[in-house]
Amino acid sequence: MSAGLRAEPTWPTRGQGRMRFLGLAIYEISLNAPEPVQAEGWAAQPLLLQLRYQRSLKGAAIAERSLEEMRRQGAVADADAQAWLAGMREAFPDVKDGDRLSGLHDPVEGARFWFNGAPRGPRFNAAFSRRFFGIWLAPQSSEPGLRRQLLGL
């Protein structure tokens with residue numbers, strides 16, 4: 001993938017679902033990729049996750065919760081956690097019903113984000129990308145049912 005990529009890739013949808021918390025819809029999520037995504041090898045494949053929010057949330061809260069979920073997959077060095085949190089606070093704005101936040105996982109170049117189709121925040125390294133997208137796709141996901149929907153299991 002090109003480092004100069006400005007637009008979100010337009011790949012086929014491979015899976016989708018809805019995140020709920022205490023019965024309330026938080027967001028709809030879709031997994032898009034050029035090829036079917038393998039449950040065991042997802043981290044080696046390029047993919048795009050698109051979240052369409054169904055309620056208002058603060059960007060800082062999204063970043064903090066993301067870091068908590070990333071830590072479910074294993075320890076994160078303090079320096080990495082601080083850098084990742086700062087980058088996510090820059091990348092994730094406050095959202096409201098109908099807003100779309102998209103993230104691209106490139107197994108070599110790392111992660112990029114878009115907000116309502118516009119590039120947003122810094123580019124993140126591959127280690128961040130594996131942990132961030134693992135929130136939904138890793139076996140340690142706190143939402144195994146949503147993981148199964150996204151991966152078509």
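Good morning. Six strands form an open sheet in the order β1-β2-β3-β4-β5-β6, with antiparallel pairing. Strands here are DSSP runs of E with at least two residues, helices are runs of H or I with at least four, and both are numbered from the N terminus; two strands pair if DSSP finds at least two bridges between them. Because β1 (13-21) and β6 (118-124) stand at the edges with a single partner strand each, one side of each has no neighbour in the sheet. From one strand to the next, the twist averages 20°. Angles are taken between N-to-C directions and run from 0 to 180 degrees, and axes are lines fitted to C-alpha atoms, for helices over the stretch in contact.

A word on the source. This is a predicted model, in which local features need pLDDT of at least 70 and side-chain atom pairs count only at pLDDT 80 or more, while totals for chains, interfaces and linings use all residues. Residues are numbered from 1 along each chain as its sequence is written, and side-chain values use heavy atoms, leaving out hydrogens and water.

Let us return to the sheet. Strand β2 (residues 24-32) pairs with strand β3 (residues 47-53) in the antiparallel sense over six bridges. Glu28 has Arg52 in β3 as its bridge partner. Helix α2 (residues 78-91) packs on the sheet and touches β4 (100-106), β5 (110-115) and β6, with its direction at about 175° to that of β6. Contact means heavy atoms within 4.5 Å.

For α1 and α3 the angle is about 95°, and the axes lie 8 Å apart. These helices are therefore roughly perpendicular to each other, a term for angles of 65 to 115 degrees; under 35 counts as roughly parallel, over 145 as roughly antiparallel and the rest as oblique. Ser66, Glu69, Met70 and Arg71 of α1 make the contact with Phe128, Arg131, Phe132 and Ile135 of α3. By class, this contact of α1 with α3 has four nonpolar, one polar and three charged residues. Here Ala, Val, Leu, Ile, Met, Phe, Trp, Tyr, Cys and Pro count as nonpolar, Asp, Glu, Lys and Arg as charged, and the others, Gly among them, as polar. Thank you.
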